[in-house]
Amino acid sequence: MAYSDKVIDHYQHPRNVGSFGTSKDVATRKDVGVGIVGAPECGDVMQLQIKVNEQGVIEDAKFKCFGCGSAIASSSLATEWIKGKSIDEALSIKNTQIVEELSLPPVKIHCSVLAEDSIRSAIADYKKKNGIAAGTDAAAATH
Amino acid sequence: MAVKLPIYMDNAATTRTDPRVVEAMLPYFTEKFGNAASRNHKFGWEGEDAVDLAREQAAALIGASPKEIVWTSGSTESNNLAIKGAARMYAKGPEGSKNRGHIIAAAHEHKAVLDPCKRLQNEGFDVTFLQPPADGVITRAMVAEAMRDDTILVSIMWANNEIGTINEVPEIGALCHERGAIFHTDATQWVGKMPTNVDKDNIDLMSWSGHKMYGPKGVGALYVRRRNPRVRLEAIQDGGGHERGMRSGTLNVTGIVGFGKACELAMHEMDTERERLLGLRRKLERDLSSRLEVVQVNGHAERRLPHILNISFGYVEGESLLMGIKDIACSSGSACTSASLEPSYVLKSLGVGDELAHSSLRLSLGRWSTEEEVDYAVEGIVKAVNHLRTMSPLWDLYKEGIDVSKIEWQTH
Ligand SMILES: Cc1ncc(COP(=O)(O)O)c(C=O)c1O
C-alpha cells in the first residue's frame, strides 16, 4: 500500500500525541471530553481527548491511536484542526475533508469516519459531564 | 559489514532464485529449446534428457523413483491434482450422487488445499476440517479420531506456511496406510529444507513448488506413489497425454531444469543451511522477546521449521507496524491475502485473539540471510513497536492494569 506523503509525515511525526491523565483521572474531569471509538478486533481504536475552556473553545487536544498509518494520520490531523475551535465549529468537520487533506484511498475512508466519530464522541462526553443537552450552545456551560 | 536495504525476510512467500539455478536454466531458453515430447530430432532429445535429469534430482531429494514425479505449475496445481484427482478416482459413488466418500484436512491448511476440498464438498464428498490446537500441531491421534470407514483421502500439510509448525506427518501417513486411506501432504514449506523420504514418511501424494526452495516460479511437482499402494488420479487437465496422462501440456523444460537443480543444491546444502538458519531465527526470537514486553511467539515453541518466526506484539496494529519497518520485507496478518484487512485465519484457528492476530509479523529467513540483517531487523522492529506503543490507547490501558478484552467497544 502506498501512503501519501502527508500520511507518512503524520505517522512519523504525530501531532498532539498524549492524554490529560489516566483513564480514571479524565473520567471525572469536567473540562475534559473523552471520545474512544473503534474496537481492537477491527484493528482500529481512536482516543481523542479535548480540553475545553469556559468560552466553549477547545484549548487543547490529545490523541492516541491503535490502527493503520491512515488511522494515525486521521486522528493526528483531527487534533490539529480542532485546537482553537469552538465545539460547534469542531462539530462541523466532515470526514470527507480529512479524506481530501490526506489523499486517503477508498479502503481507508473508514479511518476518516472514525476520526470524525471521535470528535463527536469527545464533545458529547464533554457536554454530558457539563449537563449540556446535545445540540445546545456549549458556551453556556459552567465548570 | 553494511546491510543492504531493503532486507528480505519473506522467504516463506518466495525465495530468490539461486544464481546457480539460473545458470543451469539459461541454455534451455535459446540453444536447447526443444519440446521434450519431440521424438525425432536432437532438440527434442536434449529437452527430454534435461527433464529426465531433473526428475532424478527431484526424486533423489525425497527418496522416490523418478517415475513417481509429475511436473506441474506449482503447489497450487499439485494440491488440486492430488486432492480432486484422488477423490474423484476413489469416489464411492458416481458423479451427482451423495456420500461419495470422506476426506480429512486441517482448518489451517493453505487455501490451495482448503478450496479444492470445499469444491469436493459440493460434489458429494464429506470433508472434516480438523481444528488445530493452540500450538498448531495436527497429531496422529486427532486424525485417528476423525477417521471413518468411508475415509478415502487425508490431506495434512507437512509444515504450516504462516507459523512454521510441523505436523505429525509420518505418523499420520502410517495411520492412513493401516486404514486404507490415501495420504496427501502439502510439503511446500518443508521439502528442500528438511530431510524427506516418502517411503519412511509413509506418503502417497506430496506437493511442492520450485520458488520456495530457490528455484524458479511457476514450476512444481507432485509425487505420486506407484507401489504399496499404487495411487491413481483422475486428470484435471486433458490434452496430449503428457506425464502419463495425469497432466497434459508441453513441459516447461526451462523451469523443470531449474527445479531439478534447486533440488540437487538443497540436497547437498540442507543440513548446514538448516543449522545456520535455526541459529539466526533463535537469535531473532530471543532478541525481540527480551527487548520488548507483551510479545507472543505463535505456534509450537519447538516443533517448527528452522527459518520461520511468527510473532505478535501486543497493542500495536500490524499494518502500522509494517509501515514503521519499511526496509524489512516481511508479512503481516494473513500472509497470502494481505490485501484484505481480515486477521489471519491461520492464527484465528489457533485461538489467537483478533488483536494479537492483527499485530503479527511473519519473518522468514533464507539462504542469504545474515546475522547483520537479523540485528538490523531487531533494531527496526523494537523502534517501531515502541513508537507505536507511545501512541497506542490500548497500551495505556494495559499499563493501567485494565484488561482490554473486557472492555465493551463501540463498534460500527
Ligand atoms: C503451504 C503452501 N501451499 C501451497 C502454496 C502455493 O504455492 P504456489 O503459489 O507455488 O502454487 C504455498 C505458497 O504460497 C504454500 O505456502
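**Entry 1: before starting**

I am working from a predicted model. I kept in mind that two packed helices are described by the angle between their axes and the distance between the axes.

**Entry 2: H1 and H3 in chain A**

I began with helix H1 (residues 5-12) and helix H3 (residues 69-82) of chain A, whose axes come within 8 Å and cross at roughly 80 degrees. An angle from 65 to 115 degrees counts as roughly perpendicular, so H1(A) and H3(A) get that label. On the H1(A) side I listed A:Val7, A:His10 and A:Tyr11. H3(A) brings A:Gly69, A:Ser70, A:Ile72, A:Ala73, A:Ser76, A:Leu77 and A:Glu80 to the contact. Sorted by class, the residues where H1(A) meets H3(A) are five nonpolar, four polar and one charged.

**Entry 3: H5 and H6 in chain A**

Next I took helix H5 (residues 95-102) and helix H6 (residues 109-129) of chain A, which pack at an angle of about 130 degrees with their axes 8 Å apart. That angle makes H5(A) oblique to H6(A). I noted the crossing of H5(A) and H6(A) as right-handed. From H5(A), the residues A:Asn95, A:Ile98 and A:Val99 meet A:Ile109, A:Ser112, A:Val113, A:Ala115 and A:Glu116 of H6(A). The contact of H5(A) with H6(A) has five nonpolar, two polar and one charged residues.

**Entry 4: A:Lys129**

Is A:Lys129 buried or exposed? With a relative accessible area of 17%, A:Lys129 is buried, because the cut-off for buried is under 20%. A polar atom of the A:Lys129 side chain lies 2.8 Å from the backbone oxygen of A:Val32. Not counting residues up to four places away in sequence, A:Lys129 touches A:Val26, A:Ala27, A:Arg29, A:Lys30, A:Val32 and A:Val34. I also checked A:Lys129 against A:Ser70: they sit 59 residues apart along the chain, and their C-alpha atoms are separated by 31 Å.

**Entry 5: H4 and H5 in chain B**

H4(B) passes H5(B) in a right-handed crossing. My list for H4(B) reads B:Thr76, B:Asn79, B:Asn80, B:Ile83, B:Lys84, B:Ala87 and B:Arg88. Facing them in H5(B) I wrote down B:Ala112, B:Val113, B:Pro116, B:Cys117, B:Arg119 and B:Leu120. The residues of the contact between H4(B) and H5(B) come out as seven nonpolar, three polar and three charged.

**Entry 6: B:Gly218**

I found B:Gly218 in the loop between strand S7 (205-209) and strand S8 (220-224) of chain B. B:Gly218 is partly exposed, at a relative accessible area of 41%. Leaving aside neighbours within four places in sequence, B:Gly218 is in contact with B:Thr72, B:Ser73 and B:Asn252. B:Gly218 and B:Glu77 are 141 residues apart in sequence, yet 9.8 Å apart in space, C-alpha to C-alpha.

**Entry 7: B:Ser312**

B:Ser312 is in strand S10 (residues 308-313) of chain B. Its relative accessibility is 0%, so B:Ser312 counts as buried. The side chain of B:Ser312 makes a polar contact with the side chain of B:Asn298, at 2.9 Å. Among the residues that B:Ser312 touches are B:Val294, B:Leu356 and B:Ser360.

Most residues other than glycine have a negative phi, and most peptide bonds are trans, so I wrote down the exceptions.

- B:Leu5 and B:Pro6 are joined by a cis peptide bond, with omega about -10 degrees; B:Pro6 is in the segment before strand S1 (7-8).
- The bond from B:Asn228 to B:Pro229 is cis too, with omega near -5 degrees; B:Pro229 is in the loop between S8 and helix H8 (253-291).
- B:Val294 has a positive phi of about 50 degrees; B:Val294 is in the loop between H8 and strand S9 (295-297) and, at 29% relative accessibility, counts as partly exposed.
- B:Tyr315 has a positive phi near 70 degrees; B:Tyr315 is in the loop between S10 and helix H9 (318-324).

Methods
Residues are numbered from 1 along each chain as its sequence is written. Chains are lettered from A and ligands numbered from 1 in the order in which they are written. Side-chain values use heavy atoms; hydrogens and water are left out. A crossing is left-handed if the near helix is turned anticlockwise from the far one by less than a right angle, and right-handed if clockwise. Helices (H or I, at least four residues) and strands (E, at least two) are DSSP runs, numbered from the N terminus. Contact means heavy atoms within 4.5 Å. Ala, Val, Leu, Ile, Met, Phe, Trp, Tyr, Cys and Pro count as nonpolar, Asp, Glu, Lys and Arg as charged, and the others, Gly among them, as polar. Buried means under 20% relative accessible area, exposed over 50%, partly exposed in between (1.4 Å probe, protein chains only). A polar contact is a pair of N or O atoms within 3.5 Å; within protein, one must be able to donate a hydrogen and the other to accept it, and residues adjacent in sequence count only if both atoms are side-chain atoms. Axes are lines fitted to C-alpha atoms, for helices over the stretch in contact, and angles run from 0 to 180 degrees between N-to-C directions. Angles under 35 degrees count as roughly parallel, over 145 as roughly antiparallel, 65 to 115 as roughly perpendicular and the rest as oblique.
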